[in-house]
Amino acid sequence: MEKGNKQPLLSSLERDEDKQHSLSGRVIAIAATTTTTTSSFFATYKADSNDIPPITGVRDFFREFYNEFKKLWFLAGPAIFTSICQYLLSGITQLFCGHISTIAQAAYSVEDYALGLLSYGAMLGMGSALETLCGQAYGAGQINMLGIYMQRSMVILHMTALIFMFVYIFAEQILNLIGQSPEISKATGKFSIWMIPQLFAFAGVFPVSKFLQAQSKIMVMMVISAVVLVLHTLFSWLLMLKLGWGLVGAAVVLNASWWIIEISQFLYVVSGTCGRAWSGFSWRAFQNLWGFIRLSLASALMLCMNILGCAVMVAVGLNAAISVRVSNELGAGHPRSAQFSLFVAVISGFLMGLVFSLILFFKRDQYPSLFSKDKQVRELVSALTPLLAISLTTDSIQPVLSGVAIGAGWQSVVAYVNIACYYILGIPLGLILAYKFDMGIKGIWWGMISGTVVQTCVIFWMIYKTNWNNEASIVEERIRRWGGDTDTAPDPQ
């Protein structure tokens with residue numbers, strides 16, 4: 001392998017097999033037509049005839065940029081809207097809690113940002129393993145494997161939900177142990193037990209969502225999320241404020257909202273709208289579970305630390321869109337298209353993050369009043385807004401690059417990068433700034449920003465040095481090892 005190239009980062013799951021196994025069918029044809037490449041964004045490749053032509057001038061660049069921009073945002077627009085709707089389920093509940101009592105708001109915030117965000121991020125990340133496998137299988141024409149992959153993921157995520165359930169049950173004791181006030185610990189513990197059904201809704205929602213995304217069936221997810229958001233807002237007001245159910249009402253409505261999303265999406269899948277992608281339940285879903293768990297855990301470590309408020313849902317939507325674009329194009333043998341997709345996505349993510357940052361910065365004295373009546377809370381949020389604006393800019397690029405990594409199947413190595421950047425650099429630096437230099441919460445935040453910047457630079461460098469021809473050439477072998485039929489020709493794209 002030439003200098004600057006890297007081995008496929010899913011290889012940790014495949015060490016027991018011969019790495020030099022010759023590829024069959026279309027992959028041989030791709031490999032036979034490749035030429036020596038340069039490590040740049042616009043390297044010249046000679047791949048599948050349906051790949052985009054080499055970019056040789058400004059006119060070619062803007063033509064392909066416009067074409068890819070349309071493809072990307074056809075996916076990203078509905079995905080962003082869906083992400084925002086689902087995020088607002090929590091945001092609206094928090095808003096109503098702020099109008100009940102300070103204890104209710106504190107209990108909801110602790111549960112949502114400590115337990116809820118942990119379980120949501122971990123299970124969303126584990127579900128993102130499907131973005132690699134389903135996306136590449138779909139691009140390679142292995143449509144029948146999508147339903148198998150989805151069922152494997154659902155089995156694993158329900159097992160994960162069972163583990164998290166015990167954390168929810170003993171939330172009060174855990175919070176008391178780490179020094180939280182008894183009053184808040186008791187209220188949070190009670191609320192957490194009510195929120196256990198949401199865990200099992202997550203276990204179904206995320207695999208089905210990734211299954212649909214891989215086929216570009218985003219619109220149905222958007223419609224379902226929008227309808228649920230409207231109903232969630234109405235019933236939150238009715239149960240929490242009008243009928244006075246308080247936190248119990250919040251739990252009832254949140255659980256119901258997520259279960260409606262799960263059931264609606266699954267009914268859409270089994271109704272026959274997905275063709276060969278869903279052929280019914282299969283015992284094959286229980287095969288190779290350990291390998292799937294390892295890929296899912298790597299995905300979870302990679303993604304569970306990347307959620308920062310409603311504005312970052314734009315980046316999460318782009319993350320989903322670019323992972324679909326990259327995995328589909330690599331699966332179809334289009335390395336140049338995959339490469340150019342990531343370039344368009346990075347530019348889009350940066351511009352969207354910059355816009356949100358500017359809006360927050362100039363409205364920093366107005367928007368905090370939406371979330372709390374407490375003057376001190378509003379003043380603190382306003383003072384922290386400049387840091388939030390910086391975070392939004394950096395965190396709008398990083399999820400896009402992570403989406404590229406998911407689409408290519410690099411979760412394992414990127415997971416290690418995340419651990420190093422956050423737990424070896426970001427968190428220790430934040431604690432030093434907070435306590436050694438008396439910077440308080442700003443110091444912790446600066447540490448996390450530093451970790452994100454380093455993480456972004458490392459992933460960017462990995463992408464820059466990637467041989468995209470090599471990435472395209474290993475996809476069919478990966479699909480074969482995960483149970484696909486390598487003799488099946490890809491569907492026309």
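This report describes the helices, selected loop residues and cysteines of one predicted model.

Residues are numbered from 1 along each chain as its sequence is written, and side-chain values use heavy atoms, with hydrogens and water left out. Because the model is predicted, local features need pLDDT of at least 70 and side-chain atom pairs count only at pLDDT 80 or more, while totals for chains, interfaces and linings use all residues.

## Overall make-up

The protein chain has 18 helices and zero strands. Helices (H or I, at least four residues) and strands (E, at least two) are DSSP runs, numbered from the N terminus. Of the 493 residues in the chain, 56% are buried. Buried means under 20% relative accessible area, exposed means over 50%, and partly exposed lies in between (1.4 Å probe, protein chains only). Among the contacts in the chain with a separation of 6 or more, 83% are between residues 24 or more positions apart. Contact here means heavy atoms within 4.5 Å.

## Helix packing

Two packed helices are described by the angle between their axes and the distance between the axes. The axes are lines fitted to C-alpha atoms, for helices over the stretch in contact, and angles run from 0 to 180 degrees between N-to-C directions. Angles under 35 degrees count as roughly parallel, over 145 as roughly antiparallel, 65 to 115 as roughly perpendicular and the rest as oblique.

| Helix pair | Axis distance | Angle |
|---|---|---|
| α2 (residues 58-97) and α3 (residues 102-127) | within 9 Å | roughly 160 degrees |
| α4 (residues 129-139) and α8 | within 9 Å | roughly 30 degrees |
| α5 (residues 145-169) and α8 | 8 Å | about 155 degrees |

By these angles, α5 is roughly antiparallel to α8. α2 and α3 are likewise roughly antiparallel to each other, whereas α4 and α8 are roughly parallel.

The crossing of α2 and α3 is right-handed. A crossing is right-handed if the near helix is turned clockwise from the far one by less than a right angle, and left-handed if anticlockwise. On the α2 side the contact residues include Gln-86, Tyr-87 and Cys-97, and on the α3 side they include Tyr-108, Asp-112 and Tyr-120. By class, the contact of α2 with α3 has six nonpolar, six polar and one charged residue. For these classes, Ala, Val, Leu, Ile, Met, Phe, Trp, Tyr, Cys and Pro count as nonpolar, Asp, Glu, Lys and Arg as charged, and the others, Gly among them, as polar.

α4 also passes α8 in a right-handed crossing. Leu-130, Glu-131, Cys-134, Gly-135 and Tyr-138 of α4 meet Pro-207, Lys-210, Gln-213 and Ala-214 of α8. This contact of α4 with α8 divides into five nonpolar, two polar and two charged residues.

α5 and α8 cross in a right-handed sense. The contact of α5 with α8 has 20 nonpolar, four polar and no charged residues.

## Residues in loops

Trp-278 lies in the loop between α10 (246-273) and α11 (289-303). With 13% relative accessibility, Trp-278 is buried. Leaving aside neighbours within four places in sequence, Trp-278 is in contact with Gly-147, Met-150, Gln-151, Phe-211, Phe-266, Val-269 and Val-270. Its C-alpha atom is 7.2 Å from that of Leu-146, a residue 132 positions away along the chain.

Lys-363 sits in the loop between α13 (335-362) and α14 (375-408). Lys-363 has a relative accessible area of 48% and is therefore partly exposed.

Two loop residues have positive phi without being glycine. Ser-216, with phi of about 65 degrees, is in the loop between α8 (196-214) and α9 (219-242). Its relative accessibility of 27% makes Ser-216 partly exposed. Asp-438, with phi near 55 degrees, is in the loop between α15 (411-436) and α16 (440-464). Asp-438 is exposed, because its relative accessible area is 67%.

## Cysteines

A disulfide is a covalent bond between the sulfur atoms of two cysteines. The whole structure contains zero disulfides, where a disulfide is taken as a pair of cysteine sulfur atoms within 2.5 Å. For Cys-421, which is in no disulfide, the nearest cysteine sulfur is that of Cys-457, 9.0 Å away. Cys-421 is buried, at 5% relative accessibility.
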